[in-house]
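Please look through the sequence and the model slowly before reading on. The paragraphs below then lead you through them.

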Amino acid sequence: MATEVSYNGDGNDKTFDITFPFLLDTHVKVQVGGQTKSTPADYSISGTEVTFVTAPVSGTANVRLYRDTPFTALHDYSAGSSIKSNALNENQTQALYAIEEAKLVTVTAGGITTGSKNDITVNSNSDWVINSSTITNGMIADEAINSAKIENSSILNTDIADDTIRDGKIATNTIALDKLARVGTSGQILTSNGTGAAPSYQTTVNVPVGSVIWYAGATAPAGYLKANGDAIANGSGTTQSITADFSALYAIVGANLPDLRGEFVRGFDDGKGTDSGRAIRSTQAEAYKEHNHPSDISVAHDVDDPGHAHDMTVRGPSDSESTAIAGGKSDHSLTSSQPSHSETTGIDIDIAATVDVNNSGSTETRPRNVALLACIKY
């Protein structure tokens, strides 16, 4: 006798028929997409119909109605009480339903039929597996499952959801050193027996299109173009022997790459006021800040000449003449003398000084620098 029925959800139908017999509504279980639903939050049962609050989504056999009869007797008997046939029949039916659901029927000597038994799958006489989603979190009491209840190697890495084991979930001194992986000399992750494969690392970095780097090589690395002013296409094209879709870079720089060859880069002012009036990627000619060249040249030549004299005396020979005069002799002495000459003159001195400033240096103003290749991400 069938103990379950499946339907295809279509996103519209909310009501589905229960096609198997059952004793109580609580013995009918409902699943959608493998997830067990609850009543009355998700569905209700009236007679032999299940009505969902929200129509199940479309899917193949994703709506499952099945019977889950408990082994606990519906009716108890005590000494001296009356026994009614109805109670006996229901207990008998309950036992039959429970056995039928588990299919605990020996079909071969010493054997149990294998296959799905609703919430249990029988693989062999000694291998019974509880189906997925049969036991929910609400069915497990706090701290009911401890290490004594878990067999070795029964919980695999695939059974643990990401970020479910945190610091608060790990007791002190529960992780021994031999449980930690070790790193080998070649970078591989080693297990406790010293074997293991090289781990994988993230080798790519998400660099935004339009980013500029300084590269020590003479050719641009993969994913970059030389920032040399070349034209690029607004879409697929070939630049610097590279064929690619340059539309993302075109949206940033326009039809031509910035030409950074031989240039110093200055940070965009962006409203600060230090270098105002500039557009992004605009060029700027060289300039020198206005300044003076002071020259302290003094000529000291003090002249204090109130005048001076030029004296000259001219003297001739002395003349003596004797003349006879009656009655006696007379001597005439003739002295010819040039009178003296004096001259006083002032002196003016004019000094003209010419200062020559000779230039020196190179053809440009620059600091110490290193030449690197400017490249832009496309």
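What follows goes from the whole chain to one hairpin and then to a pocket.

This is a predicted model, in which local features need pLDDT of at least 70 and side-chain atom pairs count only at pLDDT 80 or more, while totals for chains, interfaces and linings use all residues. Residues are numbered from 1 along each chain as its sequence is written, and side-chain values use heavy atoms, with hydrogens and water left out.

The protein chain has two helices and 19 strands, where helices (H or I, at least four residues) and strands (E, at least two) are DSSP runs numbered from the N terminus. Of its 378 residues, 18% count as buried, a word that here means under 20% relative accessible area with a 1.4 Å probe, protein chains only.

Strand S6, residues 49-52, runs antiparallel to S5 and is joined to it by four bridges; two strands pair if DSSP finds at least two bridges between them. Tyr43 stands opposite Phe52 in S6, and the two strands form a hairpin with two residues between them, where Gly47 in the turn has a positive phi of about 65 degrees.

Elsewhere, strand S13 (212-215), helix H2 (247-253) and strand S19 (373-377) each supply at least two residues to the lining of the largest pocket, and S19 gives the most, with three residues.

Terms used: Buried < 20%, exposed > 50% of the residue type's maximum accessible area, 1.4 Å probe, protein only.
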